[in-house]
Amino acid sequence: MALQGPEELGEQVEEPEDLDDQDASSISPAEEITLPPGPGGDEEPEEALLLPWDRFSAWLHCICVVGFDLELGQAKTSICYLSFPDSNSGCLGDTQFCFRFRQGSNRKSSLGCFLETTDRDAPPCLKGHYYGYVYFRQVRDKSLKRGYFQKSLVLISKLPYVTFFHSLLKIMAPEYFEKQEPCLEAACNDIDRWPTPHPGRILTLPIMGVVIKVRIPTCYDKPGTSQLVQSAQSDSLVSIVLPTIHEVDLFRCFYPVFFHIQMLWELVLLGEALVVMAPSPAESSDTVLALVSCISPLRYCSDFRPYFTIHDSEFKEYTTRTQAPPSVILGVTNPFFAKTLQHWPHIIRIGDMKQAGEMAKQMKVKKLKNLKTLDSKPGVYTAYKPYLNKDEEIIKQLQKGVQQKRPSAAQNAILRRYFLELTQSFIIPLERYVASLMPLQKSISPWKSPPQLRPFIQQDFMKTLEKAGPQLTSRLKGDWIGLYRHFLKSPNFDGWFRNRRREMTQKLEALHLEALCEEDLQQRIQKHTEVETVDLVLKLKDKLSQAEREQLPVRPGTLPKLRAHIDAVILALPEDLQGILHKPSTP
C-alpha cells in the first residue's frame with residue numbers, strides 16, 4: 001500500500017501524529033492559486049479578515065489520496081491502513097466509512113479548532129482527535145498487476161459531521177476517480193470560499209457545481225430533530241438539503257443486535273469497554289457512532305474508534321492483557337481481533353446490515369467463552385447483567401414497524417426518541433441536584449469574590465432519588481440506585497460534572513459582573529485614595545477581559561456598561577494616570 005497523488009499529499013500523511021505541524025494549505029494541490037474573495041454581502045467582520053485557506057482550514061485539515069502500489073510496497077503509516085478495508089472484508093465497488101485518531105501533542109492553535117476554543121454554543125467534541133472520512137473504490141482492472149483498482153479519497157477534519165462529509169465525498173470522489181487531481185484542486189477552491197461553520201448558522205455550500213444546504217448543530221439542539229426547513233423559493237438553486245449533518249441512522253445500525261438496545265445503552269452510559277466486530281468498516285464505523293450517540297444529549301467522554309486496525313498506534317495499549325481494558329469503544333473487522341480481544345468484557349458481533357430483511361431472531365445474550373472466531377453468530381457476548389428491567393414495549397413497537405414495512409426514517413425517529421427520553425429520565429435528577437449546589441443570588445456581593453459552588457456529595461444526591469428520581473418520568477423499573485452508583489464512577493459522569501461546574505462557575509462570574517455594573521462607582525471612589533482607585537480600574541479591566549475571553553453569559557448591554565464605568569472612573573483621575581490606564585489591557 002502506498003500513497004499516490006500530489007507530492008504534498010504524501011508528505012502530509014506520512015506521520016499522522018504530527019499533523020498539526022503542517023498547515024492545511026501545504027497539502028492543497030491549488031496552493032499557488034490566488035483566490036477571489038468569499039461570498040460577499042453577509043460576511044461577519046472576522047470573516048472579512050480571513051486569509052486564503054483559512055476557510056478551508058475551518059472545515060478540513062487536509063485531503064488525502066491513498067492507493068495500492070506494488071512497486072513501492074506497503075507504507076507504514078496508520079492513515080494508510082485506516083483508509084482501506086481489511087482484505088477479508090471483500091468490499092467490491094464503492095464503500096464509505098470513517099475512522100478517528102489522536103492528534104500530536106505539539107498542537108498549534110489554528111482556525112481549524114476555533115469551535116473548541118471560541119464558541120460555547122458548539123456541540124462538545126472530544127479534543128485531541130481527528131476524524132477521517134473515507135470513500136474507497138475497488139473495481140476489477142486487468143491492466144493492473146494486482147487485478148484491481150484500489151484507491152481511497154480521505155477527508156481529515158476535526159469536525160464530527162459524519163453525514164455531511166459522507167455526502168460531500170459522494171460528490172467529490174467519483175469525479176476525482178474519473179478526472180484525477182484537477183477536480184480536487186477545484187474542490188479545494190470551492191471549500192475555501194465557504195463561510196466558517198459557526199454553530200446555529202444555516203449555510204449554502206457550493207461544491208463542484210452542486211449546492212448543499214446545511215445547518216451547523218449547537219449544544220442546545222434536541223437529538224433527532226431538524227431545524228432546517230426546505231423553502232421552495234430560497235432553495236431553488238439548492239441541490240441537496242441535509243436535515244442533519246452529524247447523526248447516523250440508529251435503527252439501521254442497531255438492527256443486528258435489536259433485542260439488546262437497552263443493555264447497550266447502559267454499557268455506553270457507564271463507559272464500559274466495548275468491541276464491535278463487523279464484516280466491513282462501513283458497518284463497524286456506523287455501529288460505533290450509533291453507540292456513542294445513543295446517550296445523547298449526554299456527551300460520551302471516553303475514546304472511541306469507529307474503525308480500528310492492528311496497525312493502529314494504540315493497538316498494544318488497547319489489547320494488552322496486563323491491565324483491565326480501557327474505557328473505549330472499538331470497531332474492528334480483522335478476524336485476528338476475535339482472539340486478541342477475547343479478554344474484553346463486552347463484545348458485539350454484527351452481521352451484514354444489508355441482508356437484514358427479517359427481524360433479528362437472536363435474543364439471548366451469549367457467554368464470552370462462546371466467541372472464538374469472527375465467524376461466530378451475531379449477538380452480544382457479555383456477562384453483564386443490566387440494572388434496569390427490559391422494556392418490552394419499544395421492542396414490540398419496532399417489531400410492528402418492521403412487519404408493517406414502516407419507513408426506516410420513522411423507525412429511526414422512534415428509536416432516537418426512546419433513547420432521548422431514557423437518557424433525560426436518568427440525567428434530570430442529576431441536573432436538579434447539581435442546580436441546588438448553586439449559591440443564592442442574594443449572596444453575591446459586588447465587592448467580594450463570587451461565592452463558591454457547594455460540593456457534590458454522593459450520599460446527599462442518593463437521598464433525593466427517593467422522591468425526585470427517574471420514576472417521575474420513566475416507566476422502567478429496576479435498580480436505578482445501582483445504575484447511578486456505577487455511573488458516578490464513570491468517565492461520562494466526570495466529564496458531565498466538569499462541564500456543568502464550569503458553566504455554573506461562569507454563571508456566578510456573570511452575576512457578579514452584573515452586580516458590579518449596578519453599583520455607583522463614582523460615589524464609591526470618592527472614599528478611595530488614588531492608589532485604591534487605580535487598583536479598582538485594573539481589577540475591573542481584568543474582569544472585562546475575562547468576560548470577553550470566556551464569553552460569560554451576561555445580560556445584553558452589561559459589557560458596554562462596564563466599559564463606560566471604567567472610562568468614567570479613569571476620567572476622575574489625574575491626566576498622567578489617565579494616559580497610562582487608557583492603554584488597552586492585554587487579554
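Buried means under 20% relative accessible area, exposed means over 50%, and partly exposed lies in between. The model is predicted. Arg252 has a relative accessible area of 34%, so Arg252 is partly exposed. Asp286 has 14% relative accessibility and therefore counts as buried.

Asp286 and Arg252 form a salt bridge. Their closest N and O atoms are 2.7 Å apart. The pair links distant parts of the chain, 34 residues apart. Asp286 sits in helix H10 (residues 281-293), Arg252 in helix H8 (residues 250-254).

## Other salt bridges

The structure holds 21 salt bridges. Glu431 pairs with Arg500, with the closest N and O atoms 2.8 Å apart. Glu431 belongs to helix H14 (residues 408-435) and Arg500 to helix H17 (residues 491-517), 69 residues apart. Glu431, at 28% relative accessibility, counts as partly exposed. Arg500, at 16%, counts as buried.

Glu509 forms a salt bridge with Lys543, the closest N and O atoms being 2.9 Å apart. Glu509 is in helix H17 and Lys543 in helix H19 (residues 530-550), so this pair ties together parts 34 residues apart in sequence. Both Glu509 and Lys543 are buried.

A network of salt bridges links Arg100, Arg102, Asp303, Arg305, Asp312, Glu314 and Glu317.

## Packing of H15 and H16

Helix H15 (residues 458-468) and helix H16 (residues 480-487) have axes that come within 11 Å. The axes cross at roughly 155°. H15 and H16 are therefore roughly antiparallel. Their crossing is right-handed.

On the H15 side, Gln458, Phe461, Met462 and Leu465 make the contact; they meet Ile481, Tyr484 and Arg485 of H16. By class, this contact has 5 nonpolar, 1 polar and 1 charged residues.

Methods
Residues numbered from 1 in each chain as written. Predicted model: local features only at pLDDT ≥ 70, side-chain atom pairs only at ≥ 80, totals over all residues. Heavy atoms only, no water. Axes fitted to C-alpha atoms, helices over the stretch in contact; angles between N-to-C directions. Helix = DSSP H or I, 4+ residues; strand = E, 2+ residues; numbered from the N terminus. Parallel < 35°, antiparallel > 145°, perpendicular 65-115°, else oblique. Left-handed = near helix turned anticlockwise from the far one by under 90°. Contact = heavy atoms within 4.5 Å. Nonpolar A, V, L, I, M, F, W, Y, C, P; charged D, E, K, R; others polar. Salt bridge = Lys/Arg side-chain N within 4 Å of Asp/Glu carboxyl O. Buried < 20%, exposed > 50% of the residue type's maximum accessible area, 1.4 Å probe, protein only.
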